[in-house]
Amino acid sequence: MDSVKKNTEIHPDERRIILKKADLPDYDVSIDCYIKNGGYEVMKQAFASRKPEELCQEVMDSEVRGRGGAGFPAGMKWKFLDRKSGKPIYLICNADESEPGTFKDRQIIHKDPHQLIEGMMITAFATGTAQAFIYIREEMPLGAKILEEAIEEARAKNLVGDNILGSGYSCDLIVHRGAAAYICGEETGLIESLEGKRAYPRIKPPYFPAALGLYMCPTIVNNVETLCNVVHIVEMGGKEYAKIGKPGNTGTRIWCLSGHVRNPGYFELENGMFTYGDLIYKFGGGLRDGRSLQALIPGGSSSKVLRAGERFTGKLRSGEEFNWGIEDIPLDFDGPMAAGSMSGSGAVVVIDDSVDIVEVLANINAFYAHESCGQCTPCREGSLWMKKITTRMANGGAREEDADLLASIGDQIAGRTVCAHGEACAWPTQSFVAKFRDKFIEKAKQDPEEAKKRPFRMV
Amino acid sequence: MAFDLSPETLSYIDKVIPRYPEKRSAIMMILHAIQKEKGYLSLDAQKWVAEKLELQPIQVREVVTFYPFYREHPIGKRHIRVCRTLSCALNGSYKICDKFKKEFDTELDEISPDGRVTVEFAECLASCGTAPVAMVDDELYENLNDEQVEAICEQIKKETPAADPANADS
């Protein structure tokens, strides 16, 4: 049986619901192990005694927000399904985990695949799905193998396939592998890809997946972690689940911490109970010796950067006033949003003072330029120019006008593209230039020979 | 030119197509299977897939040329992909990549002189917590440092015979 290394050091302040069993030393990916630990019980009960609409209502009541990046309420997403069309409904699990800094779905897929399958089959039953898919990125070949084997095990026990558990409801589940294109994480790009085409995202409106998704049929696309939450929502009841975390930020989230911290890793935490400071210092062990914080990326590399020492002030939706430093920002959906950024996929990247901030942006820009699908001119051309300019700057060719030039390119992309990749590629440049303007100007004043030496290369 | 596939791959392809509501959806899984067997996707292979799925060859080629993982030319026997993206770069992945290149005396995206490997940069491999990381074929290696890279390369050299220089072009 395939297995990956376990992370047995679990911080006592974590609240593990999704990852409750994943890292137990003797817990494996087999269906026997999952069932021995109470697995598929929620599904069996749901199929035997709950109506699909009741299950949808539980998810609505739970107020669970999507864990893929946008944070859209999952219950609402399901409610938007066009049921009048008479066309088959499809369910797709987005396991294309690609936002730089994110590695949470990897843990679930490799260590507890049956939890995802149970969540998907409950979701499929609740929404009347005709066929379900897991779209997994190519770079997780072991994950794809584990999932395929797990699905076969589940099929043998009549948990997937025809007349599931004698309920009269049938739904097949298959694993589909991507081929290293980040844009497939965008739900309409994913759908095009699953249809066997280039992953060119579709314009919304009219192509909302809930109405015109896979094969122009109503489709739900949910993230791995979101679908796992469904098991626990149905088990404890939506209203009970909503008591975990904070209103509007219910449940737990698996935060991925990486970059310049002593103990990088993933931590499942109750929403709103901790701050970014807790994540970096308490869970992540703080920065490395002799280093200080330069910048923080709060939710995947497309989220707007925060500069060390920055203050964030304003009024929360509740009317409460806030005045935060980076360390005080609540670790949930709304906290980083109030601070002008976003929690995205929960990927927190810590950047200390050992690296050149221009070079950090150049690294990020190289990613988004590589991953632009090329469909919309502003994104295709703009992301490339932002990469070229920042790479030139990092290589000792910075000019004083670069900061303005970069900002103007970023401003001409965001809001002018079919999909959110426009924002994803523009936000880093816009925010880095706005917040580190002095460093970009300073770069231009550097002796080019000195700048060329670059002891720490990132592009 | 006739294009042949092993019976295993053929039977896999015939199994995978009916799983999808529409034939065309099977294209990526088929391309994966063929690339796994042949090492790359030749124009003949693409034509074969087009016929199999009742598509125009261009509909196959536009897929092959869009997704970075598909390739139209052979690579070394082993495929080394070093993660280039932020968290890995912050933890020295560029140096790790240089080390791989040096071990095989090769340049990025080229087949090494001994034919054993092709070293590439990959974009975020979704293992940022154990940066820097790299993949060798289907295997992920985490928390890399120079010594580990040396050990991995040693292992590759042991497992994978060098190409016979006399047949270097075949």
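Before the first stop, one term: a residue counts as buried if 20 or more other C-beta atoms lie within 10 Å of its own, with C-beta atoms placed from the backbone. Keep in mind, too, that you're looking at a predicted model.

**Stop 1: helix 8 of chain A**

Select residues 187-194 of chain A, which form helix 8. Why can this helix be called largely enclosed by the rest of the structure? Eight of its eight residues are buried, so the rest of the structure largely encloses helix 8 of chain A.

Before moving on, look at A:Gly196, which follows helix 8 of chain A and has a positive phi, near 95°.

**Stop 2: the domains of chain A**

Zoom out and color chain A by domain. The domain assignment gives domain 1 as 31-243, domain 2 as 250-352 and domain 3 as 357-453. Domain 1 of chain A and domain 3 of chain A have centres 36 Å apart, taken over C-alpha atoms. Look for where these two domains meet: 10 residues of domain 1 of chain A are in contact with eight residues of domain 3 of chain A. On the domain 1 side of that contact, seven residues are nonpolar, two are polar and one is charged.

**Stop 3: a pair of helices**

Next, select residues 357-371 of chain A, helix 14, along with residues 377-397 of chain A, helix 15. Their axes lie 8 Å apart, and the two helices pack at an angle of about 150°. Angles over 145 degrees count as roughly antiparallel, so that is the label for helix 14 of chain A relative to helix 15 of chain A. The crossing of helix 14 of chain A with helix 15 of chain A is left-handed.

From helix 14 of chain A, the residues in the contact include A:Leu361, A:Asn365 and A:Tyr368, and from helix 15 of chain A they include A:Leu384, A:Lys387 and A:Met393. By class, this contact has 10 nonpolar, four polar and two charged residues.

**Stop 4: where the chains meet**

Keep helix 14 of chain A in view and bring in chain B. The contact takes 45 residues from chain A and 33 from chain B. Which elements of chain A each supply at least two residues to the side touching chain B? They are helix 7 (141-156), strand 3 (172-177), strand 7 (252-259), strand 8 (265-270), strand 13 (347-352) and helix 14 of chain A. Helix 14 of chain A gives the largest share, five residues. The chain A side as a whole has 22 nonpolar, 13 polar and 10 charged residues.

**Stop 5: chain B**

Color domain 1 (7-64) and domain 2 (78-164) of chain B separately; their centres, taken over C-alpha atoms, are 29 Å apart.

Of the 170 residues in chain B, 42% are buried.

Note on methods:
Residues numbered from 1 in each chain as written. Chains lettered and ligands numbered in written order. Predicted model: local features only at pLDDT ≥ 70, side-chain atom pairs only at ≥ 80, totals over all residues. Domains from an automatic or database assignment. Contact = placed C-beta atoms within 7 Å. Nonpolar A, V, L, I, M, F, W, Y, C, P; charged D, E, K, R; others polar. Axes fitted to C-alpha atoms, helices over the stretch in contact; angles between N-to-C directions. Helix = DSSP H or I, 4+ residues; strand = E, 2+ residues; numbered from the N terminus. Parallel < 35°, antiparallel > 145°, perpendicular 65-115°, else oblique. Left-handed = near helix turned anticlockwise from the far one by under 90°. Buried ≥ 20, exposed ≤ 12 C-beta atoms within 10 Å, placed from the backbone.
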